[in-house]
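Please open the structure in a viewer and keep the selection panel at hand. The stops below state what to select and what is found there.

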Amino acid sequence: MDNSTVLFLVPVIALVLDLVLGDPKWFPHPVRYIGMALDKYKNWVYSTGMSRKIMGGLGVLVFAIVVWGVLKIFLAIPFLGVLIALYLAYAGLALGSLLEEHKNAASLLDSGKIEDARSAIAELVSRDVSDLDENGLRKALAESTSENLTDGFVAPFFYLVVTGPAGMWVYKTISTMDSMWGYKNEEYKDFGCYAAKADDILAFIPARITGFMMLAAGRIMKFDWESAYDNLIDDANKTESPNAGWSMAPAAWLLGASMGGKAVYFGEEKEKPVIGPEAGEWTSLKLKRLGSLVMTTAIFTAVLLDIYFVMVWASQVVH
């Protein structure tokens, strides 16, 4: 089996493994170790009194170079490198766990287990959900699921196909930095600013792929794709993040329910722009349809990116 065949099959097999196995809690995951290393680095920087902004930016650069370099060495090992590539590709995708967590939280809400659902949703979002009613919890779940489609699947899969497992894990490392450090509060506003900027840059193209692939999926599924098409760009650009709205806006319009509004983060109330039809609420049926929409969008995206790989490989063979 030649190298091009291996590179083509690795993303496909990784997607299947992710959907079948998800993210077993008992199995060590690379992100956990990356998170531990990032935490140690942050604590060391804070203890030295050095410039948090400079050291935060240096951390982004150093961790990216180290991850790329180390993985390139391991991936070059004959035969074993293929197995390592497959594991890293599988571990870097989170579509299976995203759909499972969405289904679990929605099921708890449907069963009337509001407090259990609150606890489950609190694990998925950074906002405070302690005072949300059932409708608020459904909206928070919908926002989290739609936004995390980009971070958890489309962006990693994009970098897996375009740059290989090493590039995929550079993205995953910076995405983890952003989730840990990318807050605009007193503790992280300087230290995490470069991590947040790097994540915004790396997710820029994948976010827009997500938006248009979700629009295509919605049309196939006979959702309200015309409203989504008319409002996609305007609503996608409402969010503070340059990327989050590109998966939230089509999901909101396709399913006829709003996102945004008042939310509490770290004790401070924030008025987020409303995305989607203002009068629409997230019902049990709409959350189920959102799960199907996310799955269909992911499959469309995987097919598109694998076709891209075949075209690039074919052009290289010809030349």
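**Aromatic pairs**

A search of the whole structure, which is a predicted model, finds 13 aromatic pairs. Begin by selecting Phe212 and Trp246: the ring centres are 5.8 Å apart and the planes stand at 50°, so this pair is tilted. Colour by secondary structure next. Phe212 belongs to helix H9 (residues 204–220) and Trp246 to helix H11 (residues 245–255), so the pair ties together parts that are 34 residues apart in sequence. Display the solvent-accessible surface as well: Phe212 is partly exposed, at a relative accessible area of 39%, whereas Trp246 is buried, at 6%.

Then select Tyr41, Trp44, Tyr46, Phe63, Trp181 and Phe191, which ring pairs link into a cluster.

**Charges over rings**

**Positive phi angles**

Most residues other than glycine have a negative phi. Lys222 has a positive phi of about 65° although it is not a glycine, and the residue is exposed, with a relative accessible area of 74%.

Move to Phe79, in the loop between helix H3 (52–75) and H4. Phi of Phe79 is near 60°, again a positive value in a residue other than glycine. Phe79 is exposed, with a relative accessible area of 65%.

**The contact of H4 with H7**

Continue to helix H4 (residues 80–91) and display it with helix H7 (residues 134–181); the two pack at an angle of about 90°, with their axes 9 Å apart. H4 is therefore roughly perpendicular to H7. Show side chains for Ala85, Leu88, Ala89 and Ala91 of H4, and for Leu160, Pro165, Met168 and Trp169 of H7, which make the contact. By class, these residues divide into eight nonpolar, no polar and no charged.

**A last distance**

Finally, select Leu9 in helix H1 (residues 3–21). Leu9 is partly exposed, with a relative accessible area of 28%.

Key: Residues numbered from 1 in each chain as written. Predicted model: local features only at pLDDT ≥ 70, side-chain atom pairs only at ≥ 80, totals over all residues. Heavy atoms only, no water. Axes fitted to C-alpha atoms, helices over the stretch in contact; angles between N-to-C directions. Helix = DSSP H or I, 4+ residues; strand = E, 2+ residues; numbered from the N terminus. Parallel < 35°, antiparallel > 145°, perpendicular 65-115°, else oblique. Contact = heavy atoms within 4.5 Å. Nonpolar A, V, L, I, M, F, W, Y, C, P; charged D, E, K, R; others polar. Buried < 20%, exposed > 50% of the residue type's maximum accessible area, 1.4 Å probe, protein only. Phe/Tyr/Trp six-rings, centres within 6.5 Å; stacked < 30°, edge-to-face > 60°.
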